[in-house]
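I opened my notebook to look up how the parts of one protein chain meet. I wanted salt bridges, helix packing and a few single residues.

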Amino acid sequence: MRYLLIALMLIVFCFPPHAAGAEIDVEKAENTKRMILFKKTGTQTHISWELLAAADQFERNVRLSRRDLPKQKGLIGIYIQPDRWSGPLNPNASDINPARIHLFGGIGKDGNGDGKADPANDEDVLFSYASFLSQYGRGLENIKIGLWDYYQRDKSVGLILGHMKIIDKMEHLDLGGRSFPVPIRYNYSYRSTWGDARGWGGRRIHEGTDIFADYGVPVLATSYGIIEMKGWNRFGGWRVGIRDIRNTYHYYGHLNGFAKNLREGMIVKPGQVIGSVGSSGYGPPGTAGKFPPHLHYGMYKDNGRTEWSFDPYPYLRIWERGDKKNKK
């Protein structure tokens with residue numbers, strides 16, 4: 001059972017899309033088609049294609065991590081609830097008549113010109129979502145209001161805007177690259193420690209994997225992402241938090257220091273140096289040396305409602321093998 005759960009986690013959360021050549025080709029082909037849809041709809045509605053791509057990426061990962069939402073069937077992952085699509089008072093929850101949907105206050109629209117507002121059609125879904133946001137006006141602040149009205153959750157709005165910054169910076173959608181968090185040319189060791197008991201600071205579990213290495217060994221970003229947090233934490237010492245495009249938060253703790261010019265809001269790539277291994281933490285700012293130098297690496301998933309920790313060890317093993325293979 002344990003191995004089955006690990007396999008499911010690998011598929012659901014962050015198994016790299018480039019793990020096999022065929023998967024790379026499929027993912028790139030799908031992203032090419034998505035890009036066409038995003039740009040077409042962006043032109044029609046004056047909502048930036050980067051924002052549409054970010055919202056779609058956010059929702060695709062939400063649907064992968066929740067059982068109460070239908071599984072994605074088309075290219076677009078945005079899901080609009082039936083009552084929101086057809087209108088809360090519409091007696092026909094499956095209505096696809098644009099005029100009747102509008103009469104009952106639904107947001108479903110005909111995006112491809114076939115006279116139907118079909119929630120199973122990618123163009124209709126994307127056009128309906130973008131049209132909903134466009135009614136709030138142009139400009140980032142107005143878009144933020146529209147996103148909050150749609151999701152009713154500050155965290156979801158923040159994640160989408162973070163994804164948008166990553167996509168805008170990279171200018172493409174193939175953002176599944178991964179890297180092991182320390183260069184494999186250095187000496188290091190690690191084992192599965194997620195869930196182990198911790199005593200300092202009260203009863204709690206270890207929400208990550210410890211990678212032991214010498215002071216000053218570079219610490220690398222494991223994915224494309226945006227730096228959400230940088231600074232001191234009494235448990236993690238000098239630490240960095242990076243949110244990737246898959247709604248996963250990557251936590252790097254006990255650092256000896258940060259890379260030069262590293263700052264919150266910065267976009268990083270897999271393999272980019274963000275700091276170095278240390279032994280900081282377990283006290284006020286500057287406390288260090290209470291344990292051997294190591295990197296505490298944690299992963300947290302957001303599903304559109306809440307966020308929780310999960311075991312990073314299986315992914316570290318995959319990324320380590322990938323880096324070793326690329327080195328050959």
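A residue counts as exposed over 50% relative accessible area, as buried under 20%, and as partly exposed in between. I keep in mind that this is a predicted model.

**Entry 1: a pair in α7**

I started with E141. Is E141 buried or exposed? Its relative accessibility is 52%, so E141 counts as exposed. Its partner is K144, and the two form a salt bridge with the closest N and O atoms 3.5 Å apart. K144 is at 30% relative accessibility, so I noted it as partly exposed. Both residues lie in helix α7, which covers residues 140–151. They sit three residues apart, about one turn of the helix.

**Entry 2: a pair in α3**

Next I looked up R60 and D56. Their side chains meet in a salt bridge, at 3.0 Å from N to O. How many residues apart are R60 and D56 in helix α3? They are four apart, and that separates them by about one helical turn. Helix α3 runs over residues 49–65. R60 is buried, with a relative accessible area of 13%. D56 is buried as well, and its value is 0%.

**Entry 3: a pair between two loops**

Then I checked R305 and D68. Their side chains meet in a salt bridge, at 2.8 Å from N to O. R305 lies in the loop between β11 and β12, and D68 in the loop between α3 and α4, so this pair ties together parts that are 237 residues apart in sequence. R305 counts as exposed at 57% relative accessibility. D68 is partly exposed, at 43%.

**Entry 4: the count**

How many salt bridges does the structure hold? I noted 16. I also found a network of salt bridges that links R153, K155, E228, R243, D302 and E307. The general point is that side chains of opposite charge can pair when their charged atoms come close.

**Entry 5: helix α8**

I turned to α8, residues 154–170. Its 17 residues should span 24 Å at 1.5 Å a residue, and its end C-alpha atoms are 25 Å apart, which agrees. Just after α8, E171 takes a positive phi of about 65 degrees.

**Entry 6: α8 against α3**

At what angle do α3 and α8 pack? The angle is about 125 degrees, and the axes are 8 Å apart. That makes α3 oblique to α8. The crossing is right-handed. On the α3 side, the residues that meet α8 include W49, L51, A54 and F58. On the α8 side, they include L159, H163 and I167.

**Entry 7: α8 against α7**

From α7 the contact takes in L140, K144, L147, W148 and Y151. From α8 it takes in D154, S156, V157, I160, L161 and M164. K144 is also the salt-bridge partner of E141.

**Entry 8: two single residues**

T45 lies in helix α2, residues 21–45. T45 is buried, at 6% relative accessible area. Which residues does T45 contact beyond its neighbours within four places in sequence? They are F127, A130, S131 and S134. F127 is 82 residues away from T45 along the chain, yet their C-alpha atoms are separated by 7.6 Å.

F104 is found in the loop between α5 and α6. It is partly exposed, with a relative accessible area of 28%. Neighbours within four places aside, F104 is in contact with S86, G87, P88, L89, N90 and P91.

**Entry 9: helix α9**

Last, I looked up α9, residues 313–327. Its 15 residues reach 21 Å from first C-alpha to last, close to the 21 Å expected. Its buried residues are P314, Y315, L316, I318, W319, E320 and D323.

Key
Residues are numbered from 1 along each chain as its sequence is written. This is a predicted model: local features need pLDDT of at least 70, side-chain atom pairs count only at pLDDT 80 or more; totals for chains, interfaces and linings use all residues. Side-chain values use heavy atoms; hydrogens and water are left out. The expected span of a helix is 1.5 Å times one less than its number of residues. Buried means under 20% relative accessible area, exposed over 50%, partly exposed in between (1.4 Å probe, protein chains only). A salt bridge is a side-chain nitrogen of Lys or Arg within 4 Å of a carboxyl oxygen of Asp or Glu. Axes are lines fitted to C-alpha atoms, for helices over the stretch in contact, and angles run from 0 to 180 degrees between N-to-C directions. Angles under 35 degrees count as roughly parallel, over 145 as roughly antiparallel, 65 to 115 as roughly perpendicular and the rest as oblique. A crossing is left-handed if the near helix is turned anticlockwise from the far one by less than a right angle, and right-handed if clockwise. Contact means heavy atoms within 4.5 Å.
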